[in-house]
Amino acid sequence: MNVLSRRSFLTTSTTVLAGSFALPSVQAARQPAVDQLIAPAPVFVSTWPFGRPANEAALTVFKRGGSGLDAIEQGIWVTESDPTNPSVGLAGIPNAEGVVQLDACIMSGPGHRAGGVAAVEGFVHPISIARRVMETTPHVLLVGDGAMAFAGKHGFERGPKVSPGQKKAWRKWREDQAKKQKAEKDKNHDTIAMVALLPDGNLFGGCSTSGRGYKLPGRVGDSPIIGSGLYVDNEVGAAGATGIGENVMRYCGSFLVVEFMRQGLHPQEACLETIRRIARLDPLGFDLSICFIALDKKGRFGAAGTGQGFEYAVTCDRFSEVFQSPGLTQASVGPVGGNQK
Ligand code: SD4
């Protein structure tokens, strides 16, 4: 069910939300003690500070009668539509051929249902295509031409294959490569992963990204892969990832976070333990640039990154705030909430 049309929602949400949340603007993100990381349902947890308006939109959708999936989908629309976000949606950094290829997935705790799309070009809302895959096909993941044909057939909104600003930056990147100058590559990453717990105890999640900047055409990261960029287990909790997808998907990172929660770890400790486990096995050690968020069935939440500076957003009826996560090394996880060079 679409509670609001996408356009009316996007144009009214800021005003509605400003009225709903009389909140001070958060300057420096806090890192509360673990026993304070709990919120009453409905609660939405997302990666990066840009997750906060997405969470707030999601909460508004839910409070207006939307389902958990409506809330996740329409919350993520906010990030996918943001023309200033270089890491999610069609304003994102393109691949090595100058085309933005988007990845997304969505998951419903009830029914353990999932849908995803990968390497989709020229569509504004990959999260919605992922949901449609989940709801109308017997499949979980559609990629490339097949995903685009499916999206076209279902009439999803189209957009440019790359924004003018990103095209210019890509030309510069390509020139630098040709001149064998060091072109920025691996730092160009960020994603919105959003997980939610509703008052009835059900969990939901979604994930959307333009992926690693200047990736090889056809490269698919962790974000649309169930268990890697996102995982929801309605008995236990939900988790999502951001960072260099290759370092998440080789370990089924989000699945692992949920499994640690199943063993009784607090969501924050589950995120930390997942990174420790990966770093122990991986030749890169902690030099992985990966971060996780997690939320359990009790409303406890948390996050962690390989380095310092990963921030995540939590929104419920009582507060909407960006928090700082603990990092396992002194290295920086990179620019906060965006993947500019
Ligand atoms: C990917 N994990 O494609 C995604 C992009 C990202 O922060 O950075 N997320 O590898």
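Tutor: Helices (H or I, at least four residues) and strands (E, at least two) are DSSP runs, numbered from the N terminus. The model is predicted, so local features need pLDDT of at least 70 and side-chain atom pairs count only at pLDDT 80 or more, while totals for chains, interfaces and linings use all residues. Residues are numbered from 1 along each chain as its sequence is written.

Student: Where does G122 lie?

Tutor: G122 is in the loop between β3 (113–120) and α4 (126–136). Two residues are in contact if their C-beta atoms, placed from the backbone, lie within 7 Å. Not counting residues up to four places away in sequence, G122 touches R158, G159 and K161.

Student: Is G122 buried, exposed or partly exposed?

Tutor: A residue is buried if 20 or more other C-beta atoms lie within 10 Å of its own, exposed if 12 or fewer, and partly exposed in between, with C-beta atoms placed from the backbone. G122 has 19 other C-beta atoms within 10 Å, so it is partly exposed.

Student: How many other C-beta atoms lie within 10 Å of V117?

Tutor: There are 31, and V117 is therefore buried. This residue lies in strand β3. Leaving aside neighbours within four places in sequence, V117 is in contact with several residues, including D103, A104, I129, V133 and P224. V117 and V220, 103 residues apart in sequence, are 9.7 Å apart in space, C-alpha to C-alpha.

Student: How is the pairing of β3 with β2 to be read, and what stands opposite V117?

Tutor: Strands of a sheet pair through backbone hydrogen bonds, either parallel or antiparallel. Here two strands count as paired if DSSP finds at least two bridges between them. Strand β2 (residues 102–108) and β3 are antiparallel, with 6 bridges. A104 stands opposite V117 in β3.

Student: In what order do the strands of the open sheet follow one another?

Tutor: The order of the 8 strands is β4-β3-β2-β6-β5-β1-β11-β12, and the pairing is mixed. At the edges stand β4 (141–143) and β12 (320–324), each with a single partner strand, so one side of each is left without a neighbour in the sheet. On average, neighbouring strands of this sheet are turned by 10° against each other, direction ignored.

Student: Which strands does α4 lie across?

Tutor: Angles run from 0 to 180 degrees between N-to-C directions, and axes are lines fitted to C-alpha atoms, for helices over the stretch in contact. Helix α4 lies across β2, β3, β4 and β6, and runs at about 135° to β3.

Student: Why is strand β8 described as largely enclosed?

Tutor: In β8 (residues 237–243), 7 of the 7 residues are buried, so the strand is largely enclosed by the rest of the structure. In a regular strand the side chains alternate between the two faces of the sheet. Accordingly, one may look at both directions: G237, A239, A241 and G243 point one way from β8, A238, G240 and T242 point the other way, and all are buried.

Student: Which strands pair with β8?

Tutor: Strand β7 (residues 230–233) pairs with β8 in the antiparallel sense over 4 bridges. These two strands form a hairpin with 3 residues between them, and L230 stands opposite G240 in β8. Strand β9 (residues 290–296) also runs antiparallel to β8, joined to it by 7 bridges. There, G243 stands opposite I290 in β9.

Student: How many residues of helix α8 are buried, and what covers them?

Tutor: Of the 10 residues of α8 (residues 253–262), 7 are buried, so the helix is largely enclosed by the rest of the structure. The buried residues are G253, S254, L256, V257, V258, F260 and M261. What covers them includes β7, β8, α7 (245–249), α9 (267–281) and β9.

Student: At what angle do α8 and α9 cross?

Tutor: Their axes cross at roughly 130° and come within 8 Å.
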